[in-house]
Amino acid sequence: MQLEKDDDKLASLAVVLPLALTGFVVAAGCWTLFAVAGVHLRADLGLNSLQFGVLLAMPMAVSALLAIPAGLAAQRYGAREVMLLCLCGLAVCMGMLLLTETYAGYLVVAAGLGLAGGFYGAGLQFVVSHCDSRRLGLVLGVFGAGVTGAGFTYYLVPLFHEAFSWQGVPLAYLIVLLLVIALLLMLTDATGEEDNSRERSAREILGVIRQGRNLPLSLYFGIVAGSFFSLALWLPDFLSGQYGLSVDDGARLSQWFVIPGAVAQVAGGGLSDRFGSARVTIRALIGCLVSLLVLSYPPMTLFITGVESEVVVEFGLPVTFESGVVVALGVALGAAMGSLQRMVILANRQEASLFAGVLLVSACAIAFALPVIFGAVNQWLGVRTAVFMILFLLLCCSLFLFSRHTRREERSRFLHPGI
């Protein structure tokens, strides 16, 4: 009987997971649309670094506001219904993007793209309800790999820009969104997850969130995922400015940060199922710090006074080497995201949609703040690699605190009190 039940759950997962993943791929593509298209808008509208940073960060800000309400709505009314609502909202935003021509209009559309965050929270609840604990890390990693949609945006915008104009991308996404909505309606039934229990107060919800290590773990995930998303948004502009590349070439290079990083979430979740989330997270964060240390050094010219003349030594990372280090950074961040996500959701499986919202609030709050900080620091210092210095300090503090909390938890588990 139990075997038949497991087979039924696996069969339903085989349908649910590809649909949820496809939806998240498209949503993530919409989410980061302004990472590339915004660079074209920056030139067309004459935006400064701070205005550009606000445009990039707006989807993350709205995602942070919607994340927990979307998670609670998925618990109460059904994850499938919330997913469909978010996809319909994104389709409306794609239609609006074809019509607007002002900075204010683009900000409104960018805010609407925050519905992708609501889809993430509901979609995570959707897949978690169809899988068992043994495969949880792997399934969460596969769903999280939907961030590869951001990489498709980096490929599609330059492609459409060369052939027609970048406005062809919203039209393409609109068609795909309508197709995904149709597939969800035809291939899935109402989730039947409606929760008829009484509504919980804000104090009760906060009490659940603050239990155990939930709050610090959510913060660590937010720092890692927020760093990943903010870099995904910032890299096209950084690479094109740092190496004198065209915007389209910078976008193509940036996809090699996003796609391997998104796929690495699968490896991070799978390895965590086998070796434990804490071990995978610590090693992944160490890899992040090594990569960021290399990327932090700006191009320099050293003048050495010699016996007869000055010796000039120029230091700068070639674009090929820097691109390789950026790929390694993306992989390390992705693995850390996968392991931390598993750690939180495994400890709170019954509240998966709520904690999906908490994780997203944390990630989007960081991802909203960092592009604005990047823009302000670039305008103040004029050193593009300062973004990597900021991330190095942020992740260094996170690794120290996470390691200390992990050791403290291990001591309380294995040693007698007072020893």
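Trainee: At roughly what angle do helix α7 and helix α14 cross, and within what distance do their axes come?

Mentor: Please keep in mind that this is a predicted model. Two packed helices are described by the angle between their axes and by the distance between those axes. For helix α7 (residues 136–144) and helix α14 (residues 319–347), the axes come within 9 Å and cross at roughly 125°.

Trainee: Which residues make the contact between α7 and α14?

Mentor: From α7 come Leu136, Gly137, Leu140 and Gly141, while α14 supplies Gln341, Arg342, Ile345 and Leu346. Sorted by class, the contact of α7 with α14 has four nonpolar, three polar and one charged residues.

Trainee: How are helix α4 and helix α9 arranged, in angle and in distance between their axes?

Mentor: The axes of helix α4 (residues 79–97) and helix α9 (residues 168–187) cross at roughly 160° and come within 9 Å, which makes α4 roughly antiparallel to α9. As for handedness, α4 passes α9 in a left-handed crossing. On the α4 side the contact includes Arg80, Met83, Leu84 and Leu87, and on the α9 side it includes Tyr173, Leu177, Ile181 and Leu184. By class, the contact of α4 with α9 has 16 nonpolar, no polar and one charged residues.

Trainee: Taking Leu184 as an example, is this residue buried or exposed?

Mentor: Leu184, which has its place in helix α9, is buried, with a relative accessible area of 0%. Setting aside residues up to four places away in sequence, Leu184 touches Leu19, Arg80, Met83, Leu84 and Leu87.

Trainee: At about what angle do helix α3 and helix α11 pack, and how far apart are their axes?

Mentor: Helix α3 (residues 49–77) and helix α11 (residues 214–243) pack at an angle of about 150°, and their axes are 11 Å apart. That angle makes α3 roughly antiparallel to α11, and α3 passes α11 in a right-handed crossing. The contact is formed by Phe52, Leu56 and Met60 of α3 together with Phe229, Leu233, Trp234 and Asp237 of α11. Six nonpolar, no polar and one charged residues make up the contact of α3 with α11 when they are sorted by class.

Trainee: Which residues is Pro59 in contact with, leaving aside its neighbours within four places in sequence?

Mentor: Pro59, placed in helix α3, is in contact with Trp31, Ala110, Leu113 and Gly114 once those neighbours are left aside. The C-alpha atoms of Pro59 and Ala110 are separated by 5.3 Å, although the two residues are 51 residues apart along the chain. Pro59 is buried, with a relative accessible area of 2%.

Trainee: Stepping back to the chain, how many helices and strands does its secondary structure come to?

Mentor: The secondary structure comes to 16 helices and two strands. Of the 419 residues of the chain, 53% count as buried. The chain exposes about 18500 Å², of which carbon and sulfur atoms supply 66%. Finally, among contacts between residues at least 6 apart in sequence, 83% join residues at least 24 apart.

Methods: Residues numbered from 1 in each chain as written. Predicted model: local features only at pLDDT ≥ 70, side-chain atom pairs only at ≥ 80, totals over all residues. Heavy atoms only, no water. Axes fitted to C-alpha atoms, helices over the stretch in contact; angles between N-to-C directions. Helix = DSSP H or I, 4+ residues; strand = E, 2+ residues; numbered from the N terminus. Parallel < 35°, antiparallel > 145°, perpendicular 65-115°, else oblique. Left-handed = near helix turned anticlockwise from the far one by under 90°. Contact = heavy atoms within 4.5 Å. Nonpolar A, V, L, I, M, F, W, Y, C, P; charged D, E, K, R; others polar. Buried < 20%, exposed > 50% of the residue type's maximum accessible area, 1.4 Å probe, protein only. Areas by Shrake-Rupley, 256 points an atom, 1.4 Å probe, with all protein chains shown as cover.
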